[in-house]
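Hi everyone, thanks for coming. Let me put the sequence and the structure up, and then I'll walk you through a few places in it.

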Amino acid sequence: MPEGDTVFRAATLLRGALAGKPLTRCDIRVPRYATVDLTGTVVEEVLARGKHLLIRAGAHTIHTHLKMEGVWDVHPPGTRWRRQGYHARIVLAVEDAEAVGFDLGIVEVLDRDREAEAVGHLGPDLLGPDWDPAVAATNLAGDPSRPVGLALLDQRVMAGVGNVYRCELCFLRGVHPATPVADAGEPAAWVDLAHRLLMFNRDRVSRITTGDRRPGRGTWVYGRAGKPCRRCGTVIRTGALGSAEDPDRKIDWCPHCQPRTGDGRAAPAPSPGSPPAPSPGSPPAP
């Protein structure tokens, strides 16, 4: 499932294409909203809220969520779409651009005063103007017995962390994802690291958590099951955390750097030559 930085970039793309312009076409290919036509309405704002995307047009808000497969594309008018048309769930066009949402998990049209029904449950947005680390830390600490790997994915705690960042955060903190929040270390440190990682990657197409921009070296553990840990050489393991109905239950971890008992200690120091985790605003290691 896309992370908050992916949705942030989608909102930036759509904002540049649509904001301030009247819609010349509004085609919503969802039965419940098939008769809704916002043609002629000016798109006032496009913004991301965690993994949710809001397009405000007149008295209405178009709320979408990418879920597992969704993506927004923008094309010049009259050009061939980069994806098959039968995957399109919404088409929004202005005079000089056409935005198409493909395979979106959620598409709904709300009155502007009902936006809270879609996003009111979310915690502070890691990439939003309302970011509040103190509230996020309090939310994280709210259920001390909960596995930290599940708490990080709870968008009510803080909005924007998905499975990639969940796995990488746990590695960088030296904690197994199944470790209870109470034993995982200071909540404020988790929240601060999550914010720094997403801010570092919000404008990047290729996500990097290692500080190494070389192809295939962007993550510490995520997607690296069966490969040696970049710090200690131990084989990265993969497993499940949570219920079988949870699509984000897959976890990757290093059994040496993240012992299953987890005591909240800091992650082991990188071995010589290992790139450091990025700090806010710093470029990746060469």
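**A walk through the model**

Let's start at Asp-73: setting aside neighbours within four places in sequence, this residue is in contact with Arg-82, Arg-83, Glu-98, Ala-99, Val-100 and Phe-102. Please keep in mind that what you see is a predicted model. Asp-73 sits in strand β5, which covers residues 71-75. Is Asp-73 buried or exposed? Its relative accessibility is 7%, and the cut-off for buried is under 20%, so Asp-73 counts as buried.

Now let me zoom out. The protein has 6 helices and 10 strands. Out of 286 residues, 50% count as buried. If you take the contacts with a separation of 6 or more, 64% of them come from residues 24 or more positions apart.

Next, helix α1, residues 4-18. This helix has 15 residues and spans 21 Å from first C-alpha to last, close to the 21 Å expected at 1.5 Å a residue. Which residues of α1 are buried? They are Gly-4, Asp-5, Val-7, Phe-8, Ala-10, Ala-11, Leu-14, Ala-17 and Leu-18. As a reminder, an α-helix has 3.6 residues a turn, so residues three or four places apart point the same way. After α1 comes Gly-20, with a positive phi near 85 degrees.

Let's finish with helix α6, residues 187-201, starting with its crossing with α5, residues 163-172. The axes of α5 and α6 come within 11 Å and cross at roughly 125 degrees. That angle is why α5 and α6 count as oblique to each other, and their crossing is right-handed. On the α5 side, the contact is made by Tyr-165, Leu-169, Cys-170 and Leu-172, and on the α6 side by Trp-190, Leu-193, Ala-194, Leu-197, Leu-198 and Asn-201. By class, that gives 9 nonpolar residues, 1 polar and no charged.

Helix α6 also meets α3, residues 133-140. Here the axes come within 8 Å, crossing at roughly 125 degrees. That makes α3 oblique to α6, and this crossing is right-handed. Pro-133, Ala-136, Ala-137 and Leu-140 of α3 make the contact with Pro-187, Ala-188, Trp-190 and Val-191 of α6. And how many residues of each class are in the contact of α3 with α6? There are 8 nonpolar, no polar and no charged residues.

Notes:
Residues are numbered from 1 along each chain as its sequence is written. This is a predicted model: local features need pLDDT of at least 70, side-chain atom pairs count only at pLDDT 80 or more; totals for chains, interfaces and linings use all residues. Side-chain values use heavy atoms; hydrogens and water are left out. Helices (H or I, at least four residues) and strands (E, at least two) are DSSP runs, numbered from the N terminus. The expected span of a helix is 1.5 Å times one less than its number of residues. Buried means under 20% relative accessible area, exposed over 50%, partly exposed in between (1.4 Å probe, protein chains only). Axes are lines fitted to C-alpha atoms, for helices over the stretch in contact, and angles run from 0 to 180 degrees between N-to-C directions. Angles under 35 degrees count as roughly parallel, over 145 as roughly antiparallel, 65 to 115 as roughly perpendicular and the rest as oblique. A crossing is left-handed if the near helix is turned anticlockwise from the far one by less than a right angle, and right-handed if clockwise. Contact means heavy atoms within 4.5 Å. Ala, Val, Leu, Ile, Met, Phe, Trp, Tyr, Cys and Pro count as nonpolar, Asp, Glu, Lys and Arg as charged, and the others, Gly among them, as polar.
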